[in-house]
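Please open the structure in your viewer and keep the selection tool at hand.

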Amino acid sequence: MSLSRIALVAAAAACLSLTTGPSSAANPDPNSTGMLPLRANAIVGLWTAAVSVGPCNGNPTNTIQATINYHSGGTLSETNTMPIKGIPNMQGIPGINQRGPGMGTWRYNPRTGQYTLDIRFNWFVDGVYHGYQVIHRENVIMSADGKQMGGPVHATRYFADGSKYAEFCGSESATRL
């Protein structure tokens, strides 16, 4: 067998090894979902999350419940249990604070088996656009059965002009629905 043919067979075998995931729950049958059975796609689906956050130099002071839908291809949509009517004087900002739904992206690192997530949503105060918040998560680890995941959270809230208002840190744990 020629060297180039051996290299081609080795590359094909390597690609096939990437198509196996941690479980059938995490990588559903492509015949019924249309989703490629890649390890990265183990995150795809609907999750419920509990996030504990607070000032980055202190202890978590808030627990936030959220529902996150990870889409095949690396995008996500998120909503949480903040009341639609808003919360008065939230995070030290006077007025009724309301937030919009979160949208974002996810990436998978096949070398580490970890995910990186970025989510952004808008803030409104007294019904007027006030700015946005960005949530960045690195080193998100999924359980071997594909039903649990978690990791650190870092969030930054910005005013409408793009200047930074505050940073928040904490952790999230999520369960596949």
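A residue is called buried when its relative accessible area is under 20%, exposed when it is over 50%, and partly exposed in between, computed with a 1.4 Å probe on protein chains only. The model is predicted: local features need pLDDT of at least 70 and side-chain atom pairs count only at pLDDT 80 or more, whereas totals for chains, interfaces and linings use all residues. Residues are numbered from 1 along each chain as its sequence is written, and side-chain values use heavy atoms, with hydrogens and water left out.

**First stop: salt bridges**

A salt bridge is a side-chain nitrogen of Lys or Arg within 4 Å of a carboxyl oxygen of Asp or Glu. The structure contains four of them.

Select Glu78 and Arg99, whose side chains form a salt bridge with an N to O distance of 2.5 Å. Glu78 belongs to strand 3 and Arg99 to strand 5 (residues 96-99), so this pair ties together parts 21 residues apart in sequence. Strands here are DSSP runs (E, at least two residues), numbered from the N terminus. Both Glu78 and Arg99 are buried.

Next, select Arg137 and Glu172, a salt bridge whose closest N and O atoms are 2.1 Å apart. Because Arg137 lies in strand 8 and Glu172 in strand 10, the pair ties together parts that are 35 residues apart in sequence. Arg137 and Glu172 are both buried.

**Second stop: the disulfide**

A disulfide is a covalent bond between the sulfur atoms of two cysteines. The rule applied here asks for a pair of cysteine sulfur atoms within 2.5 Å, and the count comes to one.

Select Cys56 and Cys169, which are joined with an S to S distance of 2.0 Å. Cys56 sits in the loop between strand 1 and strand 2, while Cys169 is in strand 10, 113 residues apart. The disulfide is right-handed because the torsion about its S-S bond is about 80 degrees. Cys56 is partly exposed at 36% relative accessibility, and Cys169 is partly exposed at 25%.

A pocket is an open set of points on a 1 Å grid over the protein atoms alone, where a 1.4 Å probe fits, with protein on both sides within 12 Å along at least five of seven lines; lining residues have an atom within 4 Å of a point.

Select Val53, Ile64, Asn80, Arg99 and Gln133, which lie nearest the centre of the largest pocket among its 31 lining residues. Then select strand 2, which supplies the largest share of that lining, seven residues.

Terms used: Helix = DSSP H or I, 4+ residues; strand = E, 2+ residues; numbered from the N terminus.
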